[in-house]
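Please open the model in a viewer and keep the selection panel at hand.

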Amino acid sequence: MDTLYIKKSDIAVWWAAIKGACDHVVAPVRKDRVVEFARVENYEEIATDYVQTTRSAKEVLFPRTERLFSYQKNGRDIEVKDFDPQSVPVQVLWQVRPCDAASVFPLDAVFNWDYKDVMYNTRRERTTIVAVSCSTADEYCFCTSVGGGAGDTRGSDILLTYTTDGAIVEVVTERGEKLVALSQNLFTAYTAGDKDSYLASVPQVFDVEKLKEKMHGMFDSTVWKEQSERCLGCGACAYVCPTCSCFDIQENPKGSCGERLRCWDSCGFAQFTLHTSGHNPRSTQASRWRQRLMHKFSYIPQRQDSLGCTGCGRCSRACPVDMNIKEHLSSIDKIQ
Amino acid sequence: MDKLKAKLKEWLEAGEITLAIGYKQGTREARPFFCRTAEDVEQMVFSNDFQPNLAVYLSKKEVVKDEKVAIVCTISALRSIAYLARENQIGQSQYKIIHLSPNDELMIFRSPWDIDAYIEEIPSTPSEEDRRVIEMLDAMTPSERWAWWAAQFSKCIKCYACRAACPMCYCTRCIVDNNRPQWIDPWASPLSNMEWQINRVMHLAGRCVGCGACGAACPEGIPVHLLNRKILDNIEENFGMPAGIAPREGAVLNTYKPEDKENFIK
């Protein structure tokens, strides 16, 4: 891994070179009261005055709604148009936080578990992730408790750490090297070794290894009912989450043509596990809340060698009733 | 506040209630709080501006079933309870309805019907910021207004937090959850997001109390409550029913009187 340095005034120059070399750059922009990822044409559009975007960057790899295939009936003939990998743009995901970059591990795992998802994998192959270390954090952040950190490089192709007059550039992958090669002359070697002094402090609040072990035996605990009592059962937490990957398959028929779609779904909804018979194995919000935490901290780690949470804190910020996941996990950690 | 806490403790200790639903300080703002002991009650906080509207929990069976409940109400929650009672959603349950008036007077309502006179003294008015946006929207042409809302709803992720936070959205099967037939496309898309909001707002027309919990709940910051507020304004203009007034004769769009000037229903 190369560690380089770029001057502040050169970052926009490099950005323009990147913009010219790919189909789209997706970066955080301010829209009214929220900051969201969107396609950006000019470097100046990129938001800087925020801790975290409302939604995660997962949409770039796993959109809210996407077409699996479409069809057209002509008499007895049916023409099926499959997903075309060539339609996927070559993208650079610019200025994600390290906690968003880290979300590629659980996403990669679930979309390659047994079936290799062509749509996800094509997007993943064609997306270069440029993350930016966090110089600020807020009280919802807990990346350091789930194996991450304000300057963590995992999942990034390049990690930038802004200094007072430029940025430290950690080139993590070959994809990252290609971006640097676009403007090789703008980079110099970095030797100061003072990266940590530019990072936000995010205190660790629990030991995730102990927590995982403990949660493994907590299926019948009363804690789920206690914690979920105020939960209203909406899907905000799952939809803003960088790692939640549950989806629904929907038909959109229109006479002789139509399409099959994949769209986000959430285990917080009462209907998520409702059977045709009327039976619902997760009939209470307590059982749905248990599923949310167990999935992230027990089931995914058991099956996929990855955690289902990167500590971004988005679910807590988005929740209408302040279900603060960091607080809930800490209180589980403290149960004797 | 001390009077309110003392009353709740008294009820809990005497076994008159088993659960008090109120607020406590959350991460940044107040959050709903479920108290079962006198020690819990000490942590309670209250302001009439707090969100969400706690009346939303009264129609959640898994929360209130088998409990003797006291609910700490903001003025908005009182209005919601008056409507829920008219719609037979409170049932025979004897909730203790407790409130601190804006001048810090402790009020206990023995039944939802006792709320009417009190809430009618206090008009339901939007915030200055909301009024400003409504005026800006009113000044637009219909196509400009459509474009403004379309841009807002392009952010909608169909998390249904607006529905979940609304005390009047208590249907056991919401129109969007119905799939035979599928009235509204369940995936997020510009058209279906708009269809969902239009349905939500129309189902609440004449029933919404203007508490703003839907807009406060939206993680994307879409001011969905302004659609409801506009309908409250329209109802006042057309039917002379001010926003938030008690539905003494039923919700304004759900009732018919022989002297109504429209005769299409006869």
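**Conventions**

This is a predicted model, in which local features need pLDDT of at least 70 and side-chain atom pairs count only at pLDDT 80 or more, while totals for chains, interfaces and linings use all residues. Residues are numbered from 1 along each chain as its sequence is written, chains are lettered from A and ligands numbered from 1 in the order in which they are written, and side-chain values use heavy atoms, with hydrogens and water left out.

**Stop 1: the sheet of 8 strands in chain A**

Select the strands of chain A in the order S3-S2-S6-S7-S8-S9-S1-S10; they make up an open sheet of 8 strands with mixed pairing. Strands here are DSSP runs of E of at least two residues, helices are runs of H or I of at least four, and both are numbered from the N terminus. Two strands count as paired if DSSP finds at least two bridges between them. At the edges, pairing on one side only, are strand S3 (34-39) and strand S10 (187-189) of chain A. On average, neighbouring strands of this sheet are turned by 30 degrees against each other, direction ignored.

Next, select residues 127-132 and 158-162 of chain A, which are strands S7 and S8; their pairing is parallel, over 3 bridges. Within S8(A), Leu159 is the residue that A:Ala131 stands opposite.

Contact means heavy atoms within 4.5 Å.

**Stop 2: the sheet of 4 strands in chain A**

Now select S5-S4-S12-S11 of chain A, given in sheet order: an open sheet of 4 strands with antiparallel pairing. Its edge strands are S5 (77-82) and S11 (247-254) of chain A. From one strand to the next, the twist averages 20 degrees.

How many bridges join strand S4 (residues 65-74) of chain A to strand S12 (residues 257-264) of chain A? There are 7, and the two strands run antiparallel. In this pairing, A:Glu66 stands opposite A:Arg262. Helix H4 (residues 118-125) of chain A packs on the sheet, where it touches S4 and S12 of chain A, and its direction makes about 125 degrees with that of S4(A).

**Stop 3: between chain A and chain B**

Display both chains and select the residues in contact: 41 from chain A and 38 from chain B. The area buried between chain A and chain B is about 3000 Å², with carbon and sulfur atoms giving 52%. Buried area is the accessible area (1.4 Å probe) that two parts lose on being put together, summed over both.

Between the chains the count is 7 salt bridges, a salt bridge being a side-chain nitrogen of Lys or Arg within 4 Å of a carboxyl oxygen of Asp or Glu. To inspect a salt bridge here, select B:Arg28 and A:Asp138, whose closest N and O atoms are 3.4 Å apart. On the side of chain A that touches chain B, S3, H8 (236-240), S11, S12 and H9 (285-304) of chain A each supply at least two residues.

**Stop 4: the two domains of chain B**

Colour residues 2-120 of chain B as domain 1 and residues 128-239 as domain 2; these bounds come from an automatic or database domain assignment. Their centres, taken over C-alpha atoms, are separated by 27 Å. In contact are 12 residues of domain 1 and 13 residues of domain 2 of chain B. The two domains bury about 1100 Å² between them, 62% of it on carbon and sulfur atoms. In domain 1, B:Gln51, B:Tyr83 and B:Glu87 lose the most area to domain 2, together 39% of what that side buries.

Across this interface the rule finds 1 salt bridge. Select B:Glu87 with B:Arg207 to see a salt bridge whose closest N and O atoms are 2.8 Å apart.

**Stop 5: local backbone features**

Most residues other than glycine have a negative phi, and most peptide bonds are trans. The peptide bond from B:Gln51 to B:Pro52 is cis, with omega near -5 degrees. B:Pro52 is in the loop between strand S3 (44-45) and helix H3 (61-64) of chain B. Another cis peptide bond joins B:Arg180 and B:Pro181, with omega about 0 degrees; B:Pro181 is in the loop between helix H8 (161-164) and helix H9 (190-204) of chain B.

Finally, select A:Asp305, which is not a glycine but has a positive phi of about 55 degrees. A:Asp305 is found in the loop between H9 and helix H10 (314-318) of chain A.

How values were computed. Axes are lines fitted to C-alpha atoms, for helices over the stretch in contact, and angles run from 0 to 180 degrees between N-to-C directions.
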